[in-house]
Amino acid sequence: MLAAYWALKGKHVDIVTSSPILAERDAKEFSKFFQLFGLTCSDLGEIQEVKGTPKACYNKHVLYGDASSYEGDILRHEFGLMNTRGQRKFDVVIIDEVDSMLIDQGGHSTRLVDKMPAMEHLQAVFIAIHQHLQFFMQRLFMFEDQTFLLEAADDRVNISDYLDVIVRLVANKYENVAGLKSAIEKFCQISKLAELQSHEAREAITTLVNAEKLALPDGLAPLSEPISSDSKIIDNLIANRWSLNCDKDWLKCCEKLLDVKIRIISVDATEGLIHHPRFHGDNDSQTDSEMYDQSVHLIEIDSNFYQLLRVEDQTKLIQTRVRAEVEKMFAISNNDTTEYDHLQIPRHLSHFYQSKLNTWILSAITAQCNVRENVDYLIKTDEFGFKTIVPIDYESTGVIQDGTVWSDGLHQFLQIKCQLAVTSEHLATNFISNLSFFRRYKKHIYGLTGTLGSSAEKRLLMETYNVDTVNVPRFKDKKHMYMTDIVTTSTNNWLSAITTSVLCHIKQNRSILLICKSISDVDKVDVYLKKYVTKMGGFIQKIDRYTRSDNEEETSAILKKMEPRTVIIATNLAGRGTDIKLTKEVIQSGGLYVCITFLPTNLRVEHQAAGRASRQGQPGTSQLIINAEVDGLYENVKSLSPQEFRHCRDMVETKRVDKIMRQIVPELLIDESNFNEYCNVRQSLGRKKRSLDAIDERWGIQFDLSKTNKSNAMDFHSFFEKIKKDVDSGDEIQNPYHHILKGNDYNFNNKYNDAQTSFDSAIALDKTHASNAYYYKAFSIIQNFQSGYKKQAEDSLREAFKLIQNVNISSLLVCHTMGSKSGTNNITLEENKIVQSNEQDSDFSKQIVNKISILQVQLKSIQNSLENLYKYKEVEAEML
């Protein structure tokens, strides 16, 4: 009604939903309603077919879409100059599920990334980081609540006498094993004589013996009465204390001599890491390590001793070690060198590479340890048959975010981890935040939700968007019953509790919606429930899934009316905004039962999920069944009560909302101020495509580094002035590949002199990565047909051939060796033919093989051109 009111007053109305699925559904559902008033409506789903021609949907009176779709079109219209929106103004916005848009996604921004030439050269860096990270992570051990790093294999000592290892590790006090043994024997003899003659030492030992705190030597019967300090028993005890009869004795005496606690660990097939029984007795305790200021940990593996380095900051150690190893492998390309001992970083990316390396390593750790398949992302096959990584918004909407990529190399590290084809890192050159988008509508911002949240969240809305809130009475009384929540302590108990609850409500002839945290959890519940149903008989009529909006079978399940004794197992995709319809028989039997199988991130998401039951005055119930074993808040709760879990969850949410107000919103405003200034600079520079691409790339790198180095405020004003100065002098292009593209534009238009100038500019910027510049320069030289062209073309072709072999193909071979999961799926070149040592063709392997194949075609083309160049007469060469 509100949309129709404003549309009839001549305003364009934009309705914002929480997902594209809901936008498409609502546009279809309400189109007939708007037609009653002579109004048109549509959703944003259509694609702009022709640049410059607006999308037809922007001519409609009422438009439905999610925030990201609106924002993407704004960027295409204003930054991409594609005229996507036509003449549509920002008149009125109505936000469905306003809390999701303005609070849950308060810090969200839509960024359109640009494909920047030469960024593929950084793929080798990502693969190297991944390889070295794997190497170090496999050498991390937990022992007695401490983290240790197993030093590299070069630090092993393959001997039978462990004392040689100790000599190497402790202070270099003794040069060899014999010297250390002699010193220990002498030390023990002197210490034994000193204690035998010391009245204080004998008294102390006597006191311990009489108090039964010190064991008697083997073979002696228990004491019937206290002994004195001059007893022969005390002599025997002192002699035993300083004897060297076994490895344990040697180790203890060595510790005392060197004043270092030595722990030797072994690997037990059943218990894992244990104190080495050869060197440590059952009574050894860790408390005696407090006597020493230093400690050394060794581990014996396959009769070799290795040093274990105690790790205080695991992330910092890995970051330092991996960075050092990567820097050994790579060098910044140098026009003066003809040696290619290192993998080459393009010169224009040198500062970017050095500044981002630590961030990339952190992203690699995140990909390896924290980002999970079927929870955070899905591996999906695209229309070309390639497997891709697709993020999932599992915490809020459950939507599979096609077209979204993670930044800072995270996407690439996941691709390498999963052995998929690796895409280039893309940098965002243009963006718009939800904050900026909604503020464009000024005073005409309207929103509705059934779960606005706490006073802090209302204050966030009022202060950020200058809006007020009002409670609207319900159309029908709510007939909802919240059942007693359950907290389980293991996954098996959790699955059992869910199954018991399902069967209980199935027997009442009701339908059931199980909402899980992730696709992975849906899989677990689905398998367990179906297995139980098979065992127990046909209580359940049907079990459907709803986890993917791009799956027609799953989508149809949520659109049909739910019959009695049917179950849908879903993610949050079935939560906010989903309207589940029920048959009359289900409503009469008590309605829908919603079981939320995890603790949602905030109370609003929880209420939205529970609210799928009891819609429009229907009866229904809801319940939480939480698995404390995997819930992230478990470590912080004082008890296993649902109230305690919610309390901890709400505290986290309060901090998040506070962070949005105090940090994220101010940062967004600064970012958008810088972006707007760049847009003004960009607009003043004209519309030459290659120049615009070049300065967009420089802006994208500058902006990305400003987010990486948050502690160092970037001087954007100086950057903008430098851009203007470089444009005036014709030096705006720093990436040689833009010169190559520019040269090819000239070749296409038969401007061969200009083309050669562009290719020479590319070579001057970075000769190492100029194989294509030499290649296409030869074409320009031949086409230009000037005096001496054959020798010039030959020189260019030979230089291209050398660079393709020594830089491009060599780099790909190294990447394949490093990135292959097994480490054995290697490829080599024999007589310029690809030879694979293993037929396990992952997408990762296929991609590199295909790249090498393309380069080999180029090499063959160069060889043919060199053979033919001198075969023809001058007139015929022009045709060549």
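User: In which sense do strand β18 and β24 pair, and over how many bridges?

Analyst: Before the case itself, please keep in mind that this is a predicted model, in which local features need pLDDT of at least 70 and side-chain atom pairs count only at pLDDT 80 or more, while totals for chains, interfaces and linings use all residues. Residues are numbered from 1 along each chain as its sequence is written, and side-chain values use heavy atoms, with hydrogens and water left out. Strands of a sheet pair through backbone hydrogen bonds, either parallel or antiparallel. Strands (E, at least two residues) and helices (H or I, at least four) are DSSP runs numbered from the N terminus, and two strands pair if DSSP finds at least two bridges between them. Here strand β18 (residues 479-482) pairs with β24 in the parallel sense, over 4 bridges, and Y482 stands opposite S622 in β24.

User: Which residue of β24 is the bridge partner of I596, and how much of strand β24 is buried?

Analyst: Strand β23 (residues 592-596) pairs with β24 in the parallel sense over 5 bridges, and the partner of I596 in β24 is L624. Strand β19 (residues 486-488) also pairs with β24 in the parallel sense, over 3 bridges, with V487 opposite I626. For burial, one looks at relative accessible area: buried means under 20%, exposed over 50%, and partly exposed in between, using a 1.4 Å probe and protein chains only. By that rule strand β24 (residues 619-627) is mostly covered, since 8 of its 9 residues are buried.

User: How should I read the order of strands in a sheet, and what is the order in the sheet of 5 strands?

Analyst: The order lists the strands as neighbours across the sheet, and here the 5 strands form an open sheet in the order β2-β3-β1-β4-β17, with parallel pairing. Its edge strands, each pairing on one side only, are β2 (41-43) and β17 (445-448). Neighbouring strands of this sheet are turned by 20° against each other on average, direction ignored; such angles run from 0 to 180 degrees between N-to-C directions, and the axes are lines fitted to C-alpha atoms, for helices over the stretch in contact. Within this sheet, strand β4 (residues 92-96) and β17 pair in the parallel sense over 4 bridges, and I94 has Y446 of β17 as its bridge partner. Helix α3 (residues 67-78) packs on the sheet, touching β1 (13-17) and β3 (62-66), and its direction makes about 105° with that of β3.

User: What kind of pairing does the open sheet of 6 strands have?

Analyst: That sheet, in the order β6-β7-β11-β10-β8-β9, has mixed pairing. The edge strands are β6 (140-143) and β9 (272-275), each pairing on one side only, and neighbouring strands are turned by 40° on average, direction ignored.

User: Turning to helices, at what angle do the axes of α5 and α11 cross?

Analyst: The axes of helix α5 (residues 123-137) and helix α11 (residues 314-329) come within 9 Å and cross at roughly 135°. That makes α5 oblique to α11, because angles under 35 degrees count as roughly parallel, over 145 as roughly antiparallel, 65 to 115 as roughly perpendicular and the rest as oblique. Contact, meaning heavy atoms within 4.5 Å, is made by residues including V125, A128 and L133 of α5 and I318, V322 and M329 of α11.

User: Is I318 buried or exposed?

Analyst: I318, which is found in helix α11, counts as buried because its relative accessibility is 4%. Not counting residues up to four places away in sequence, I318 touches L133, M137, L140, R323 and I365. The C-alpha atoms of I318 and I361, 43 residues apart along the chain, are separated by 8.4 Å.

User: Where does T583 lie?

Analyst: T583 lies in the loop between β22 (566-570) and α19 (584-588), and T583 is buried, with a relative accessible area of 12%. Leaving aside residues up to four places away in sequence, T583 touches K561, M562, E563 and P564.
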